[in-house]
Amino acid sequence: MANNREALLKMVSTFPLIDNHCHNLLTSDASLTCPLEICFSKAPQNSALKRCVRVRQLAEFYNCPPTLDNIKQVRDLMSYIDICKTCFKYTGIQSLLLDDGLDALGGLMDVQSHVGLIDVVRRIVRIESIAEKILYDLATSNQKVLNFSAFEESLKKQFEIYAKSESVAAFKSIAAYRSGLNINCVPNPEATAVALGNFISDFESLPDKKGSAKFINKVLIDHILNLAIDIAVQHDIPIQFHTGTLQKYCIPLIEKYPNAKFVLLHAAYPYTRQAGYLASIYSNVYVDIGLVFPLISTSGQQAILRELLEICPSNKILFSTDGRYHPESFYVAAIQGREALNKVLLESVENGEFSYEETIKVAKQIMFENSNILYKLKLTPKQIDSEEYKDLSGKRRIVKLKKMGVKFVRIGFMECSNQYRFHIVPIDRFQNYIINSGLTNMRANTAFPYYGDVLPENIGVNEVGELLLKPDLSTLIHLPYNPKHANVQVFFENKLTPADPQFGKIDNSPNSLAFPLCPRTCLKNIIETARKDLGITFLIGTEFEFVLLKDTILPMPIDDTVYAAASSFHISNSSEILDRMVESLQKQGIEVEQFHSDGLGKFEIVTTPESPLIAADKVVVTRQTIYDVAAQAGVKATFVPKPFKEQVGTSAHVHLSFKEIEKSQKIADDHPSGLSPYERSFIAGMLHHIKAICAFALPTDLSYTRIVDNCCAGTWICWSIENRETPIRVCYRPKTGPNGKYLDVHFEYKFVDGTSNPYLVFSALIASGVDGINKGMQLTTNPIFDNPASLSNEERIEKGVTERMPASLMDTLKALKEDNTLTDALGEPIVRCYTGVKEDEHKYCKSLSYEEQLRILLKRF
């Protein structure tokens with residue numbers, strides 16, 4: 001599969017949903033008096049909607065500013081039926097199973113009225129509501145004596161009719177609301193008759209009997225429930241339970257009726273683990289995940305899915321929206337459900353728990369297949385067509401961006417010298433032409449040195465020829481700090497002319513279309529090769545160190561504090577700038593783990609790990625956000641590695657971990673380091689290629705002024721465990737997995753700086769480690785627990801530390817040219833172009849002073 005990640009996204013976005021538990025929509029008239037907030041919060045004040053993601057999602061849907069009042073104003077201008085049709089059009093729901101017993105407001109559409117909005121609609125019969133209706137009818141009739149037998153006979157007859165009906169999919173009990181789930185599995189008819197008699201006496205004394213026949217008596221409820229379960233078993237229909245505390249009370253009922261099919265609704269929140277446990281050990285128990293979407297926070301939704309997948313068989317989990325009253329509740333729940341499922345399943349691949357093929361199977365089960373089988377719906381999945389998928393993965397996002405007021409799209413790309421460049425096009429042009437045809441760009445634009453737009457010679461490209469910038473719509477984001485603009489990353493594609501030797505030989509395969517100097521394609525290919533050949537996947541996180549300057553002519557920091565000093569945020573401007581940076585990143589989907597001051601005008605933002613291509617894209621977005629937000633505040637943000645000659649430099653530490661896909665956790669072999677064989681070989685490969693890697697990680701002459709002793713940069717070629725004075729640091733974190741407690745490992749590379757191209761750096765890091773695994777390289781040295789710079793020559797030699805890190809750009813470029821393995825992995829065209837550009841930069845800077853070089857770098861980085 002050429003792009004497994006894309007295949008998973010496509011499947012989750014296009015496969016239909018069976019909504020196995022929801023409630024009726026309101027009629028048009030009733031909708032006028034029912035507040036929208038009631039669909040999204042159970043709190044009396046209905047305040048949750050105002051502070052959560054639902055506002056943003058509905059604002060995008062209604063093309064209005066993200067406030068509840070604005071949403072209502074736009075909504076009021078539309079007919080209710082148009083709102084319903086539009087909402088359901090984008091949910092991808094093929095079938096609704098409606099519990100029509102939720103009628104506290106009055107004015108519900110009947111079950112069949114939902115057909116047309118949705119292909120297939122079935123009813124869920126709420127057994128307590130049926131019993132109460134029968135009792136009310138009997139009690140208000142002319143019948144002089146109302147006895148238990150008459151009630152039970154009518155109840156059985158009605159349950160039988162519903163159980164046989166093709167329009168009914170299941171029964172449902174709300175006993176948890178009324179008397180709890182401590183159900184008496186051996187009901188007593190005599191006690192039930194007495195309870196019914198007492199209920200009738202109380203009922204008959206009421207002056208207004210309408211709506212008063214509500215069971216709360218536990219004896220009555222238990223008897224009715226056992227009766228309904230017996231009939232459900234006879235006719236093989238499931239019975240759903242609104243849930244609360246579970247395990248202690250449900251087990252006797254589950255064990256008494258082994259042939260009944262029990263569905264525990266709403267993920268039994270907050271007792272999800274109990275529900276998952278019951279479903280794992282009892283073949284007749286299933287777990288529904290409705291109400292989780294949209295009432296729980298995004299992180300909570302994902303946590304609930306993870307909990308279920310930890311223990312609950314995937315063929316026991318059922319999707320639902322628990323939508324009710326207004327169509328927006330179905331829309332938001334369906335969108336959030338797909339997003340959470342994609343996120344959690346993708347993580348499971350990256351953690352080595354599932355393969356992509358397995359996650360696709362699991363997603364289909366949860367979204368559609370489990371409910372289709374359980375409720376005997378006999379539906380054929382109605383796939384959302386390819387155009388709809390394109391909308392879900394990007395084009396529909398464009399429509400939303402236009403509704404949000406976006407006028408322009410920045411089509412961005414990173415070239416060899418790590419300058420981010422973009423062309424800006426009107427969003428209509430982007431939507432109507434650029435998406436499919438790409439944007440024409442001169443090939444030479446991918447290979448300019450940082451000091452100016454001058455093309456070096458003999459680097460594989462010249463002033464002749466063009467390429468296409470093809471947008472990757474999965475990267476399309478709104479820029480919150482520049483609200484009229486959006487940004488998208490691209491792949492470089494060949495645009496061949498008759499002058500090109502390859503002209504006429506393009507076969508439209510990915511390799512044939514790809515332009516060889518595309519950094520994103522380079523990284524994508526290396527990731528896919530590692531997965532295909534070795535069965536490993538990667539996660540990468542980055543630390544962003546940067547300095548805020550008042551002036552760049554004579555670099556002047558915004559403050560003069562020290563690491564993590566509270567005083568850095570006493571300056572209101574610093575606090576406001578950092579707050580806005582982090583908020584902007586969060587709005588662009590970049591999760592920030594922490595941020596703090598880091599020294600003289602210096603700050604650090606740490607983001608969460610992602611798969612490598614997404615991580616590299618987010619490095620680009622994060623840097624650009626930091627630049628732009630700082631500029632709007634009237635200061636200069638810089639990632640230059642040594643803005644102050646006498647201070648510790650500025651780095652961009654990279655954290656990398658990998659998982660073996662077929663293993664739920666790593667297999668240890670009692671090595672003293674605690675590292676697995678693959679992990680040891682990965683480090684060995686890194687050490688073997690580290691000089692060549694530095695050509696990408698330390699890409700300017702001034703980068704090497706940061707690699708000095710006692711500055712946490714790593715000046716000697718070695719590795720360590722939790723030692724920040726080595727270039728490669730192994731970090732451990734205790735975890736618990738299926739086989740008990742173990743140590744989760746990732747590697748930190750401390751020699752990378754912020755003037756590097758993240759796509760090429762990540763490519764070199766992964767390719768080097770993979771080479772170590774492929775060749776079975778062994779660690780020949782132990783981890784260093786001392787500062788290598790503090791050791792004597794004899795001590796270092798004894799520990800196997802014999803070489804310093806490269807001292808200059810030319811040293812690393814020489815090493816890269818001589819490293820055939822790394823050249824083959826990244827591609828000779830990229831290595832040739834890159835080394836040529838960097839040699840040209842070095843030649844240009846050779847006659848410049850430190851200050852003159854710094855001045856140029858401050859302009860660019």
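Me: Which residue in E2 is the bridge partner of Asp19?
Reply: Leu96 is the bridge partner of Asp19 in E2. Strands (E, at least two residues) and helices (H or I, at least four) are DSSP runs, numbered from the N terminus. This is a predicted model, where local features need pLDDT of at least 70, side-chain atom pairs count only at pLDDT 80 or more, and totals for chains, interfaces and linings use all residues. Residues are numbered from 1 along each chain as its sequence is written, and side-chain values use heavy atoms, with hydrogens and water left out.

Me: How many bridges join E1 to E2?
Reply: Five bridges join strand E1 (residues 17-23) to E2, and the two run parallel. Two strands pair if DSSP finds at least two bridges between them.

Me: And what about E2 and E3?
Reply: E2 is joined to strand E3 (residues 120-126) by five bridges, and these strands run parallel. Leu98 has Arg123 in E3 as its bridge partner.

Me: How many residues of E2 are buried?
Reply: Seven of the seven residues of E2 (residues 93-99) are buried, so the strand is largely enclosed by the rest of the structure. Buried means under 20% relative accessible area, exposed is over 50%, and partly exposed is in between (1.4 Å probe, protein chains only).

Me: What is the order of the strands in that sheet?
Reply: The order is E1-E2-E3-E4-E5-E6-E7-E9, an open sheet of eight strands with parallel pairing. E1 and strand E9 (317-318) stand at the edges with a single partner strand each, so one side of each is left without a neighbour in the sheet.

Me: Which helix packs on the sheet?
Reply: Helix H15 (residues 327-350) does, touching E1 and E2. The direction of H15 makes about 135° with that of E1. Contact means heavy atoms within 4.5 Å. Axes are lines fitted to C-alpha atoms, for helices over the stretch in contact, and angles run from 0 to 180 degrees between N-to-C directions.

Me: Changing topic. How do H20 and H24 pack?
Reply: Helix H20 (residues 519-534) and helix H24 (residues 758-774) pack at an angle of about 25°, with their axes 9 Å apart. That makes H20 roughly parallel to H24. The cut-offs are under 35 degrees for roughly parallel, over 145 for roughly antiparallel, 65 to 115 for roughly perpendicular, and oblique for the rest.

Me: Which residues make the contact?
Reply: H20 contributes residues including Pro519, Leu523 and Ile526, and H24 contributes residues including Tyr759, Phe762 and Ile766. By class, the contact has 13 nonpolar, two polar and one charged residues. Ala, Val, Leu, Ile, Met, Phe, Trp, Tyr, Cys and Pro count as nonpolar, Asp, Glu, Lys and Arg as charged, and the others, Gly among them, as polar.

Me: At what angle do H22 and H24 cross?
Reply: Helix H22 (residues 612-632) and H24 cross at roughly 150°, and their axes come within 9 Å. On the H24 side, the contact is made by Pro758, Tyr759, Phe762 and Ile766. The contact of H22 with H24 has ten nonpolar, no polar and two charged residues.

Me: Is Asp598 buried or exposed?
Reply: Asp598 is buried, with a relative accessible area of 14%. Asp598 is found in strand E18 (residues 592-599). Asp598 and Tyr563 are 35 residues apart in sequence and 4.2 Å apart in space, C-alpha to C-alpha.

Me: How many helices and strands are in the protein chain?
Reply: The protein chain has 29 helices and 24 strands. Of its 861 residues, 59% count as buried.
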